[in-house]
Amino acid sequence: MREPDQHRQCDDGAGSTAVAVVNLATMHVDRTVDVWPAPQEVLLSPDGRFAYVASPPENKVSVIDLAQWKMTGSIAVGAHPDGLAWAR
């Protein structure tokens, strides 16, 4: 999922315990952010301040603060979350 500034992309790194932040100009990983195991989907908040990452084995969604580049919380959800979307 690309950030609103289009300079970086968050990759879910399926099978790992981290989300990779890729610099699109260099195509290198700028950093990784530890999250719950087996991240599968990444969704950015409309204001670009947070990323939400589904973790099906844990039945949780990790919350990443993109200003701090760290997981600042998690949301307990139903069994095996594997898709994220905004709804109005």
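Why is strand β5 (residues 50-55) largely enclosed by the rest of the structure? Six of its six residues are buried, where buried means under 20% relative accessible area, exposed means over 50%, and partly exposed lies in between (1.4 Å probe, protein chains only). Strands here are DSSP runs (E, at least two residues), numbered from the N terminus.

Before we walk on, a word about what you are looking at. This is a predicted model, in which local features need pLDDT of at least 70 and side-chain atom pairs count only at pLDDT 80 or more, while totals for chains, interfaces and linings use all residues. Residues are numbered from 1 along each chain as its sequence is written, and side-chain values use heavy atoms, with hydrogens and water left out.

In the hairpin of β5 and β6, four residues lie between the strands, and Asn59 in the turn has a positive phi of about 55°.

Step back, and you can see four strands forming an open sheet in the order β4-β5-β6-β7, with antiparallel pairing. β4 and β7 (70-76) stand at the edges with a single partner strand each, so one side of each has no neighbour in the sheet. From one strand to the next, the twist averages 25°, an angle taken between the N-to-C directions of axes fitted as lines to C-alpha atoms, on a scale from 0 to 180 degrees.

Next, follow the side chains inward. A nonpolar core is a set of buried Ala, Val, Leu, Ile, Met, Phe, Trp, Tyr and Cys residues joined through side-chain atoms within 4.5 Å. The largest one has 12 residues, among them Val19, Leu44, Ala51, Val53, Ile64 and Trp69. Strands β2, β4 and β5 each supply at least two residues of this core. Leu44, in strand β4, counts as buried at 8% relative accessibility. Val53 is in contact (heavy atoms within 4.5 Å) with residues including Val19, Pro39, Val42, Ile64 and Leu84, leaving aside neighbours within four places in sequence.

The structure holds one salt bridge, meaning a side-chain nitrogen of Lys or Arg within 4 Å of a carboxyl oxygen of Asp or Glu. The partners are Asp47 and Arg49, at 3.7 Å from N to O, and Asp47 is partly exposed, with a relative accessible area of 48%. Elsewhere, Asn23 is found in strand β2 (residues 18-23). The side chain of Asn23 reaches the backbone nitrogen of Ala25 at 2.8 Å, and a polar atom of that side chain lies 3.2 Å from the backbone nitrogen of Thr26.

Conventions. Polar contact = N/O pair within 3.5 Å; in protein donor to acceptor, adjacent residues only side chain to side chain. Pairing = 2+ DSSP bridges.
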